[in-house]
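Grab the model and work through these exercises with it open. Each task comes with a solution in steps.

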Amino acid sequence: MKKEEKNEFRKKDRTKFSLAGQVLIFSLLAAILTGVLSYILLRNSADKRVQETKEELADQLTEDIVGTIKGYPAYEWLLTYWLQNSASLDVEYKLTDNTIQKAKEFSKRHPGLVLDYVTTEEVLALPAEDQKLYAEVIYNQILSLMNMMKETYKPSYLSVLVMNTDYTHGTFLLSGASSDQKRGSNYEDAYIIGVEADSTQGQRESMITAEKGGRVLVTSGDYVDSFGYIQDILDGQHVVVGVTYDITEVRKEVEKQVFNVMVLFVLLQGILAVGLFILIYAAAVRPIERIQKNVWKYRELKESEPVLKDLATINVKNELGALSGDISDMIVSIDQYVDEIQTITAENERIEAELNVATRIQAEMLPSDFPAFPDRKDFDLYATMDPAKEVGGDFYDFFMLDEDHLVLVIADVSGKGVPAALFMVNSKTRIQNQAGFGKTPSEVLSAVNDQLCVGNESGFFVTVWMAIIDLKTGKGVAANAGHEHPVIRRADGSYEASIYKHSPAVGVMEGVPFREHEFELHPGDRIFVYTDGVPEATSSAEELFGMDRLIESLNSHEKDSLEELLPHVKEDIDAFVGDAVQFDDITMLGFDYYGPDGKQ
């Protein structure tokens, strides 16, 4: 090897070591960054779960307390009574024997009343002493339940209070706390009955919202508040249930645990990064160097044999070993590339020549000499077919059954290309043969349908419009098997679509009946038939040419002869489509009826 080549390889070798170092640095940085991002995401996710859990608990506690209070029929009287007589009530913060004794005493005095179902009317009928007894029993029942809820679900704050009209100031009716908490007025402690407190701006807004919607959840900083609206009492004052959770400590614990996990994760990632560096150096750097040298040698010298021998000795059992084999295959493929191009070029030329022959054969099968019947003065006709590919699936046909009867056919085979063209030839031949037996259009299509269904494994079908016209009388019979509606122009009118029910397409199913439609032409009338490539011609804006534009195009060339009309319609279609690719064959056939006396 020359000195310049060795220097080039040393330079590339240094690049490999630099790359390995870059992989190590990148892996370490990725480990740190992944740890930081994971820490943030996990912390936020855990914090969100904590918040959502506390919000659910606060909302449920609020709902339970509101439901408990409203469960007493006389709850409005109770709330008012507690507020007005708080100083004289015998208050207990848990269910004691004294409370139970009071309940028994009330039941003994009024055996017809059940404590939990006493109505306002029944309470008002009681003596003042018994009203107080009833209020103390119910008060202690609810307070005992609130204490149990607070001890079970650990909210920081749980109360029922009466707020003034603008929610700035309130008086506590009930407050739940665990049994070992002192009674006082600090935020963390349980308020006793009758204690007054001011609310914050956020609390006021939340309680106003609760008044409208029943309950509202508010999360602010380290606190989760739930407010539930019960009732307006005492000239517009409001009874509100409040539940508060302080999630500061929970958040700190979550953050600590997540941080410890992330530190361990980053350390493990660092160890993996070092191991990855060693693995890359041992299993990748050296094989890459040999592969690069051989690629350079083949690029410069264009000699494949020594390169292939050297690449075959790279036996690493990883992707680089596979890469070495792939490069060997690629070199072999490159050597064969020129021969393959020559073979493909010759094959394409052969296919193109065959398609040209097929196009010519198809064109020769369709009547193309016009005027088609130069000796006839009682009618004229003209037809064109523009395939979307080299060969198409559309076809038209016309022939005389006898001196007085003319057959017109236009059809469209499903699909495109050579298979459709072969099916077209088969369909055209069978229609002409069956018509020669003197059958009506429906009988012709029925017979051809049954014949085409036999062995039609590819599922081809053909839409057909076929008419037999009596040239002496102008009367005709037509059958339409799933084809486009014909257009008729009367001698004294404009072009109009002739719409009637279709029959199914030919070749779909054996034994299908086909309808016939009778019509009558008068001297000067014209029939225009076409395939779906005309109305379904699509512009670059994905808009169809459509029947309206077709009728408009025909009427704009009202004075044209058939030889002039069909090319003009094609020009209008091309102008509408613009640069869009023609995706379907465009076939048209026109027929002018002059009557027995000939063209006037």
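**Exercise 1. Find which strands helix 12 lies across, and its angle to strand 13.**

Step 1: Helix 12 (residues 546-556) lies across strand 12, strand 13 and strand 15. Helices (H or I, at least four residues) and strands (E, at least two) are DSSP runs, numbered from the N terminus.

Step 2: Helix 12 runs at about 155 degrees to strand 13. Axes are lines fitted to C-alpha atoms, for helices over the stretch in contact, and angles run from 0 to 180 degrees between N-to-C directions.

Step 3: Now look at helix 13 (residues 562-577), which packs on the sheet and touches strand 7, strand 13, strand 15 and strand 16 (586-593); contact means heavy atoms within 4.5 Å. The direction of helix 13 makes about 150 degrees with that of strand 16.

A word on the source: this is a predicted model, where local features need pLDDT of at least 70, side-chain atom pairs count only at pLDDT 80 or more, and totals for chains, interfaces and linings use all residues. Residues are numbered from 1 along each chain as its sequence is written, and side-chain values use heavy atoms, with hydrogens and water left out.

**Exercise 2. Work out the strand order of the open five-stranded sheet.**

Step 1: The order reads 7-16-15-12-13, with antiparallel pairing. Two strands pair if DSSP finds at least two bridges between them.

Step 2: At the edges sit strand 7 (379-386) and strand 13 (495-497), each pairing on one side only.

Step 3: From one strand to the next, the twist averages 15 degrees.

Step 4: Zoom in on strand 12 (residues 487-489), joined by three bridges to strand 15 (residues 526-530). Val487 has Phe528 of strand 15 as its bridge partner.

**Exercise 3. Trace the partners of strand 11.**

Step 1: As for cover, five of the seven residues of strand 11 (residues 475-481) are buried, meaning under 20% relative accessible area (1.4 Å probe, protein chains only).

Technical notes: Buried means under 20% relative accessible area, exposed over 50%, partly exposed in between (1.4 Å probe, protein chains only).
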